[in-house]
Amino acid sequence: MEIDKITIMGGIGKDGQPEKVEQLDLKMGDIVSIVGPTGCGKTTLINDIELFGNRNTPSQRQILLNGEPVPDDFTFDPSKHPIALISQHTNFLSDLPVGEFLTIHATVRGASNIQRVVNETIEFANQLTGEAIIKGTAMTELSGGQTRSLLIADAVIIGNSPIILLDEIENAGIHKTRALELLKNYRKIFVFVTHDPTIALLSDFRIVMKNGAMQKLIFSNDEEKRAANKLKSMDNIILHYRSLVRSGEELHAHILDEELIGIN
Amino acid sequence: MKLIVFAGPPTCGKTTVIRQVIRRMIAGNHKPSYIKIDVLYADEDEIIKKEFGIPTRKIYSGELCPDHCNVVVLDEAVEWAERVGSDYLFVETAGLCLRCSPYVEKSLGIVVLECTSGMNLPRKIGPMLTLADISVITKIDLVSQAEREVFRYRVLEAAKEITVVESNALYGIGIDPIVRRIVKTVDIEFPMYLRGNPPVGTCTICVGKKEIGAKHHFGVLRTMDQELYYVGE
């Protein structure tokens, strides 16, 4: 099935009142963020999308695929599932080695060259994480960052899902702007639940949530994109200094001063 | 009378699934009743009675294995369900030794499994899974999507014909397909027979007497009201 867009038909907020955003299209190639304070319903919104809510979840939202409600059997064959959800969980519970797990998943997804996609997945994940993932490692032994990196790589390469939902990828100690750059090479719909201003501003638009309801949409204009690029430079400085501290270096404030001036 | 048997390891979410199903059954003007068979302790019958006001009972298997208890009391249980005016009897049981299965011919067998139990669970639980009609996979919100897909694959590998339904029962997701199958279940027929071949053993059920009801068995038996008695030499 070719996917052009998904549509979110608004439901109700926690107060039972209709959502201010009544209808919203996410088109192929869109990068979208969901922002708002903790507990405002961001994760609930992506759960509704992932489960193809059909007025049957507490929010009463309805999700349309290419403008149509989703048939029931679509929901129950995960190997046809067009949506991959990378949740906030940073632990695997599966008691299998990484290589075997990915091999089964690639089999389920009907990959033509299983060994190749498994290797590609591990390579992709290793670009996002500090410590390289090895095929023979048990899934349960991976660190939080390794787990999250592997989940993203698995969704993009093995799952090859056209729609990818990512819940707070900034929390897991992975290289988030590197992740954003890598992901932009794939034409998909990406939805980021995020508290990170760089990710939010580098998106095409963001959905602002409050009290369980979608309040408004903000499209990033040129002014915001300029701010985003500055924030990205600041992030890169922080990452650079993080790796210096990690590797046992001592820091010098005057070098940092110059780098901060460099941003302007 | 339609007989719906729910089985699954302890704490896998059977009762949560059943409560969601009962809510929808009542909304659809059906009249379910509910029996919980457990070994030592159960309060699900009281919770469900309080929540829905439907006829409920609990049966402690006590000294008997719960699946064995199920076999010797299920005919009385169906009569009870008819007496209290219900048209669907939901039986919830925890198969513990994993060598039997509680499903009866013409019933609908539903096994509830939590996807957090490890990838080898579907290979470990034998006829409780392989003889079921539907496998409900619960707690899907606790694992990654990739793990869900691999778990589902392992379920289908063990039970090729089974219908897999993924459910986040707390959230009420994935319940409607279960209800649709329940409503399509055929009426139970007497005499009732166990669906599977029980394992080789020394008790009447283990050696292959599949007839339901204490009158078909000998050795240590019991009634629905917890009275053990002995039939035999």
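**Notebook: a helix pair in chain B and the A–B contact**

I began with the helix pair in chain B, where T15(B), R19(B), I22(B) and I26(B) of α1(B) meet E44(B), I48(B), E51(B) and F52(B) of α2(B), taking residues as in contact if their C-beta atoms, placed from the backbone, lie within 7 Å. Helices here are DSSP runs of H or I with at least four residues, strands are runs of E with at least two, and both are numbered from the N terminus.

For reference, this is a predicted model in which local features need pLDDT of at least 70 and side-chain atom pairs count only at pLDDT 80 or more, while totals for chains, interfaces and linings use all residues. Residues are numbered from 1 along each chain as its sequence is written, and chains are lettered from A and ligands numbered from 1 in the order in which they are written.

I then looked up the axes, lines fitted to C-alpha atoms over the stretch in contact, with angles from 0 to 180 degrees between N-to-C directions: those of α1(B) (residues 14–27) and α2(B) (residues 44–52) come within 11 Å and cross at roughly 30°. The two helices are therefore roughly parallel to each other, the term for angles under 35 degrees.

Next I turned to the two chains, and noted that 22 residues of chain A are in contact with 20 residues of chain B. On the side of chain A that touches chain B, α3(A) gives the largest share, four residues.

Finally, I followed α3(A) itself, whose buried residues include V98(A), F101(A) and L102(A), buried meaning that 20 or more other C-beta atoms lie within 10 Å of a residue's own, with C-beta atoms placed from the backbone. Their cover includes α4 (114–126) and α5 of chain A, together with α6 (145–158) of chain B.

Technical notes:
Parallel < 35°, antiparallel > 145°, perpendicular 65-115°, else oblique. Buried ≥ 20, exposed ≤ 12 C-beta atoms within 10 Å, placed from the backbone.
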